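Visitor: Please take a close look at one part of this model for me. I would like to go through the sheet, strand by strand.

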Amino acid sequence: MKILVIEDDAQAAAFIVKALREAGHLAEHAPDGLEGYAQAREGDFDVLVVDRMLPRLDGLSVIRSLREQKVETPVLILSALGQVDDRVKGLRAGGDDYLAKPFAFSELLARVEALARRRGGQAREQTVYRVGDLELDRLSHKVTRTGEEIVLQPREFRLLEYLMRNAGQVVTRTMLLENVWDYHFDPQTNVIDVHVSRLRAKIDKGHETALIHTVRGAGYMIRDGAR
């Protein structure tokens, strides 16, 4: 999932974003209400995690403004205010769920994933990807080939998911840096080549047909069948 965390507490935001990425999701951060509102309007996010008390534009105002602009992305509100009246105000402002601070990350993750599942047809259609005899399930984080489970590290899972989402198309190193590593520049590193090599060893080793291919001078592609 692609998740936007709108949180002004830098330490809390860094923890949430890091944990979401380790869980295999794409997470971005906005440090205040105005920036969060702008990113939420322009970005194609699956879920928004919005702190209630934000500088420049408070969380409830962010949500109301998004709903007025017909942005229907599910919203999980985070707040130190946990009384019934506070939760009611948050939900009436357009929030979809409310989590009081302090919270366990496992509960936040479960609530975010539940919101994504409830979002509708598009979210449900994208839960399982298949290329040949390779299958990736985003919800269970399970990868199998010919029915045998393949254990991947979180970054390997994100890399494979992105390749499978773009199956049959060339994926450039820049695309991978921006969408899997969240870098918006080329750091002149071989990190992508190393991870693709490790992933290829896990996915293709022992199988007659290779699925992950290097497109010389362009990038990588995952497709069914050799060419």
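Guide: In this predicted model, five strands form an open sheet. Their order is β2-β1-β3-β4-β5, and the pairing is parallel. The edges belong to β2 (26–30) and β5 (97–100). Each has a single partner strand, so one side of each lacks a neighbour in the sheet. From one strand to the next, the twist averages 20°.

Helix α2, residues 33–42, packs on this sheet. The helix touches β1 (2–6), β2 and β3. The direction of α2 makes about 140° with that of β2.

Now the pairing of β3 with β4. Strand β3 covers residues 47–51, and strand β4 covers residues 75–79. The two run parallel, joined by four bridges. Take L48: its bridge partner in β4 is V75.

Which residues does A100 touch, once neighbours within four places in sequence are left aside? The contacts are S79 and G82. I77 gives a distance to go with this: A100 and I77 are 23 residues apart in sequence. In space, their C-alpha atoms are 8.2 Å apart.

Conventions:
Residues numbered from 1 in each chain as written. Predicted model: local features only at pLDDT ≥ 70, side-chain atom pairs only at ≥ 80, totals over all residues. Heavy atoms only, no water. Pairing = 2+ DSSP bridges. Axes fitted to C-alpha atoms, helices over the stretch in contact; angles between N-to-C directions. Contact = heavy atoms within 4.5 Å.
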